[in-house]
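Q: I am new to this structure and would like to learn how to read its features. Please take them one at a time.

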Amino acid sequence: MTVEPLMLLMISGGGGSYLIAMDEKIYQRIGADYPGNRAEDVKNLGLGWMIGFSFVVSFVGVFSLVPLQKVMIMDYKLAYPSGTATATLINSFHTNSRAELAGKQVGCLGKWLSISLLWSCFKWFFSGIGNSCGFDHFPSLGLTLFKNTFYFDFSPTYVGCGLICPHIVNCSVLLGAIISWGFLCPFISKHAGDWYPADLGSNDFKGLYGYQVFIAISLILGDGLYNLIKVIRITVKEMFNKGSETSNLPIIMESLDDESSRIVMEQWKRDQIFLKDRMPFWFAASGYVGLVAISTVTVPMIFPPLRWYLVLGSYIIAPALAFCNSYGTGLTDCNLGSIYGKIGLFIIASLVGSNGGVIAGLAACGVMMSIVTTAADLMQDFKTGYLTLSSARSMFVSQLVGIAMGCIVGPLTFWLFWTAFDIGSSDGPYKAPNAIIYREMAILGSEGFSELPKNCLAMCLGFFVAALVINLLRDMTPKKVSQFIPIPMAMAFPFYIGAYFAIDMFVGTVILFIWERINKKDAGDYGGAVASGLICGDGIWTIPSSILSIFRISPPICMYFRPSSSG
């Protein structure tokens, strides 16, 4: 289980957009005449300090949520679709129980894995160059809805997630898409020129994009912090009352069939193995405190504008954000580490101000992103370990080994590309557009919250309160009512990602719903195998796709759609 953290560190530790945004190339791309873009706010990339920074910040997240692994995996019973798919694949190679059914499940998994892999390969030939070609941008619901991101993009991964995630999660995601892209975004767009300048780009935080990002953040924080406070309250109560029940936790219940005795015994065995080798609380707490102390001293040496007390403050609030991200990842399989990084970026940049706020904000973005992403990644691994009867302690150690490898291999790999190709240049093939977005957001943050578009903060407050109220309703109403109340965390994702992601997951849940009505036993036996095959096949294709990209082999066809009246 060391590959996931390795890939994680290659992104967030070695070649993250927030690091490229510090470089002089991006400063020049934006232009010296851009308000707030100062020549002093530049730190050119260097292999040495990138490796050092990776080692300093990347291990902290692993320790942040270890004490809550039982709550996230056993009490909440969160799906963690990628972790579940991995476990299903692993179990298919090793199971000896119920051999006939296991053999059929392996065959089912292999069939759908092959279909998913071949389909992803087929899609690649039509994806062209750029971000507007292929089946990923197929206007399946019409061009009008396509403009508001309502389309089915034929993603096996998200359809598979829809098969694994509970129906209420998928329906909540779709409801969030309807609210955000069906009503809210068109409504805000009508006020372009009044609430915000009409000529801004699609990724400018002073425009519509700012509303989308910060409203999503508000929903996520409202839901996440509510559940975190609830978990802390129940945990403290249990410490003084061992007999207290955990049924009040916001658990997503797994459906059980009539073979209750066998399932209960398997569940009991999983629970015992998972709990037996848990890391003790004192170890996780001391590890976190020790790494925070090292990071608080070291990070300001690498980034002087980021003062030690700002680093310490980031680490104090980081576990709460890590919980929010891990909870959301467990619901929908979307790891929004970048959005939590933007929270840290904006807050720290606004606190430091125009004199050094850009570099301080970008560095804080890296600190926060590393913590919350690594924590969610560890929970995915814990879910895999739980379902494969693996030791939680071995999963934890594997994560540490993977991160240590990533801290070296990630920056080295990125540095190879950085020196070999003209990354960040407007004339090169690797323009690094996200780096520009990060730097512009840091500039916006250094100018303060007053630079946000009109009514943005009021909307954020409204959605934050709405998330709290919805959670209260879920807890206070009877189960026969609360099971139909949407989950705010799941509703938030389409605000940031787009409605297409919700359409994909809803297709998966509709397939499972119909399947359960036709043959509930087959749906229970083979649904997980089908979903795992879809997710794994699509994931495997990323390897040859990346190799083709490295060798600059582009898809031969750009399948693009436009109205026939446009000629």
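A: Begin with Thr-157, which is found in helix H10 (residues 156-164); helices (H or I, at least four residues) are DSSP runs, numbered from the N terminus. This is a predicted model, where local features need pLDDT of at least 70 and side-chain atom pairs count only at pLDDT 80 or more, while totals for chains, interfaces and linings use all residues. Residues are numbered from 1 along each chain as its sequence is written, and side-chain values use heavy atoms, with hydrogens and water left out.

Q: Is Thr-157 buried or exposed?
A: Buried means under 20% relative accessible area, exposed means over 50%, and partly exposed is in between (1.4 Å probe, protein chains only). Thr-157 counts as buried because its relative accessibility is 18%.

Q: Which residues is Thr-157 in contact with, leaving aside its neighbours within four places in sequence?
A: Contact means heavy atoms within 4.5 Å. By that rule Thr-157 is in contact with Leu-534, Ile-535 and Asp-538, its neighbours within four places in sequence left aside. With the side chain of Asp-538, the side chain of Thr-157 also makes a polar contact, at 2.6 Å. A polar contact is a pair of N or O atoms within 3.5 Å; within protein, one must be able to donate a hydrogen and the other to accept it, and residues adjacent in sequence count only if both atoms are side-chain atoms.

Q: How many salt bridges does a search of the whole structure find?
A: Side chains of opposite charge can pair when their charged atoms come close. A salt bridge is a side-chain nitrogen of Lys or Arg within 4 Å of a carboxyl oxygen of Asp or Glu. The search finds seven. One of them joins the side chains of Asp-422 and Lys-25 (3.4 Å, N to O). That pair links distant parts of the chain, 397 residues apart: Asp-422 is in the loop between helix H18 (392-420) and H19, and Lys-25 is in helix H3 (residues 24-30). Asp-422 is partly exposed at 39%, and Lys-25 is partly exposed at 28%.

Q: Where in the chain are Lys-230 and Asp-475?
A: The side chains of Lys-230 and Asp-475 meet in a salt bridge (2.6 Å, N to O). Lys-230 is in helix H12 (residues 208-240) and Asp-475 in helix H20 (residues 456-476), 245 residues apart. Lys-230 is buried, at 8% relative accessibility, whereas Asp-475 is partly exposed, at 34%.

Q: What is the nearest side chain of opposite charge to Arg-439?
A: For charge, Lys and Arg count as positive and Asp and Glu as negative; His and the chain ends are not counted. Arg-439, in helix H19 (residues 433-446), is buried yet has no salt bridge, and the nearest side chain of opposite charge is Asp-41, 5.3 Å away. Asp-41 meets the side chain of Arg-38 in a salt bridge (3.1 Å, N to O). A polar atom of the Arg-439 side chain lies 2.9 Å from the backbone oxygen of Ala-21.

Q: At what angle do H16 and H19 pack?
A: Axes are lines fitted to C-alpha atoms, for helices over the stretch in contact, and angles run from 0 to 180 degrees between N-to-C directions. Helix H16 (residues 337-352) and H19 pack at about 40 degrees, with their axes 7 Å apart. Residues making the contact include Leu-345 and Phe-346 of H16 and Tyr-438 and Met-441 of H19.

Key
Helices (H or I, at least four residues) and strands (E, at least two) are DSSP runs, numbered from the N terminus.
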